[in-house]
Amino acid sequence: MADVDQVNSHSDEEQSEEEVPKGKDDSESEPESEGGDDDDYEPGGKKAARKPKASPKKRKTDDDDDSDEEWGKRKKVAVAKKGAAAGGGRGKKSAFTKSFKLSPELADVVGSDVMPRHEVVKKLWAVIKERELQDPSNKQYAICDDQLLKVIGVKRFRTFGMMKHLKDHFLEAA
């Protein structure tokens with residue numbers, strides 16, 4: 001009699017597998033948890049089908065495409081239009097970007113007679129890197145060669161405090 005019960009229970013499992021609705025594909029269907037099956041227990045019970053969230057709507061423009069080159073150009077044009085409409089707040093030169101006439105010693109190092117302060121610092125960093133003037137024991141410092149010693153005035157200086165050594169070499173606003 002026990003053999004008959006095992007056969008019947010086996011046939012019940014086959015029937016339950018066949019009872020899966022025909023409209024769903026096996027890859028899409030999620031296994032449903034039944035009350036008496038402890039092996040397939042998932043905390044939280046049955047999960048409701050998730051609805052995809054609506055993506056935020058994007059405004060379409062007439063020149064909308066995905067080209068990287070065009071994106072950069074459009075952004076620059078948009079910034080220029082916004083600046084012109086707002087009264088040109090960015091158009092003015094600040095004191096930081098104002099060009100200065102340089103002393104002959106500094107002009108000899110950087111290669112130009114007139115230059116803004118930030119460009120002078122960039123050029124000096126390029127000179128320090130090119131000539132390998134950074135202190136090998138502490139990279140915050142630079143060791144001057146003869147040409148740079150005329151400008152800076154000390155043999156070893158901290159590169160982040162470079163402007164305090166250069167301020168006397170900015171003669172007048174150009």
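User: Which residues of α4 are buried?
Analyst: In this predicted model, the buried residues of α4 are V120, L124, V127 and I128.

User: Where do they sit around the axis of α4?
Analyst: They are on the same side of α4, because the arc they cover around the axis is only 95°.

User: And which exposed residues are on the face turned away from that buried side?
Analyst: That face of α4 carries K122, K129 and E130, which are exposed.

User: How many residues does α4 have, and what does it reach from end to end?
Analyst: Helix α4 runs over residues 117-130, so to speak 14 residues in the count. From its first C-alpha to its last it reaches 20 Å, close to the 20 Å expected at 1.5 Å a residue.

User: What comes just after α4?
Analyst: E132 does, and its phi is positive, about 55°. This residue is in the loop between α4 and β3.

User: Is E132 buried or exposed?
Analyst: E132 is exposed, with a relative accessible area of 71%.

User: New topic, aromatic rings. How many aromatic pairs are found in the whole structure?
Analyst: The search finds two aromatic pairs. In one of them, the rings of F100 and F170 have centres 5.7 Å apart and planes at 65°, so the pair is edge-to-face.

User: Where in the chain are F100 and F170?
Analyst: F100 is in strand β1 (residues 99-102) and F170 is in strand β5 (residues 170-173). They are 70 residues apart, and the pair links distant parts of the chain.

User: Buried or exposed, those two?
Analyst: Both F100 and F170 are buried.

User: What about the pair of W125 and F160?
Analyst: That aromatic pair is tilted, with 6.3 Å from centre to centre and 55° between the planes. W125 lies in helix α4 and F160 in the loop between β4 (156-158) and α6 (162-166), so the pair ties together parts that are 35 residues apart in sequence.

User: How accessible are W125 and F160?
Analyst: W125 is partly exposed, at 22% relative accessible area. F160 counts as exposed because its relative accessibility is 63%, and the cut-off for exposed is over 50%.

User: Which residue lies over the face of F170?
Analyst: R117 does, at 5.3 Å from the ring centre. Elsewhere, the charged end of R156 sits over the ring of Y141, 4.0 Å from its centre.

User: On to C144. Where is it?
Analyst: C144 is in the loop between β3 (141-143) and α5 (146-152). It is buried, with a relative accessible area of 3%.

User: What does C144 touch?
Analyst: Leaving out residues up to four places away in sequence, C144 touches L149, I152, V154, K155 and F157. C144 and L133 are 11 residues apart in sequence, and their C-alpha atoms are 6.6 Å apart in space.

User: And S103, buried or exposed?
Analyst: S103 counts as buried, since its relative accessibility is 4% and the cut-off for buried is under 20%. S103 is in the loop between β1 and α3 (104-110). With residues up to four places away in sequence not counted, S103 touches H169 and L171.

User: Now the largest nonpolar core. Which residues touch the most other members?
Analyst: The core has 21 residues, and L102, L106, V120, L124, L148, F157 and L166 touch the most other members. At least two residues of this core come from each of β1, α3, α4, α5 and α6.

User: What does L106 touch?
Analyst: L106 touches V120, L124, V151, L166 and H169, again not counting residues up to four places away in sequence. V120 and L124 are among the buried residues of α4.

User: Last one. How many helices and strands does the chain have?
Analyst: The chain has six helices and five strands. Along the sequence they follow the pattern α-α-β-α-β-α-β-α-β-α-β.

User: And what percentage of the residues count as buried?
Analyst: Of the 174 residues, 17% count as buried.

Terms used:
Residues are numbered from 1 along each chain as its sequence is written. This is a predicted model: local features need pLDDT of at least 70, side-chain atom pairs count only at pLDDT 80 or more; totals for chains, interfaces and linings use all residues. Side-chain values use heavy atoms; hydrogens and water are left out. Helices (H or I, at least four residues) and strands (E, at least two) are DSSP runs, numbered from the N terminus. The expected span of a helix is 1.5 Å times one less than its number of residues. Buried means under 20% relative accessible area, exposed over 50%, partly exposed in between (1.4 Å probe, protein chains only). The arc is that of the directions from the helix axis to the C-beta atoms. Rings of Phe, Tyr and Trp (its six-membered ring) pair if their centres lie within 6.5 Å; planes under 30 degrees apart count as stacked, over 60 as edge-to-face and the rest as tilted. A charge sits over a ring if NZ of Lys or CZ of Arg is within 6 Å of the ring centre and within 35 degrees of the ring normal. Contact means heavy atoms within 4.5 Å. A nonpolar core is a set of buried Ala, Val, Leu, Ile, Met, Phe, Trp, Tyr and Cys residues joined through side-chain atoms within 4.5 Å.
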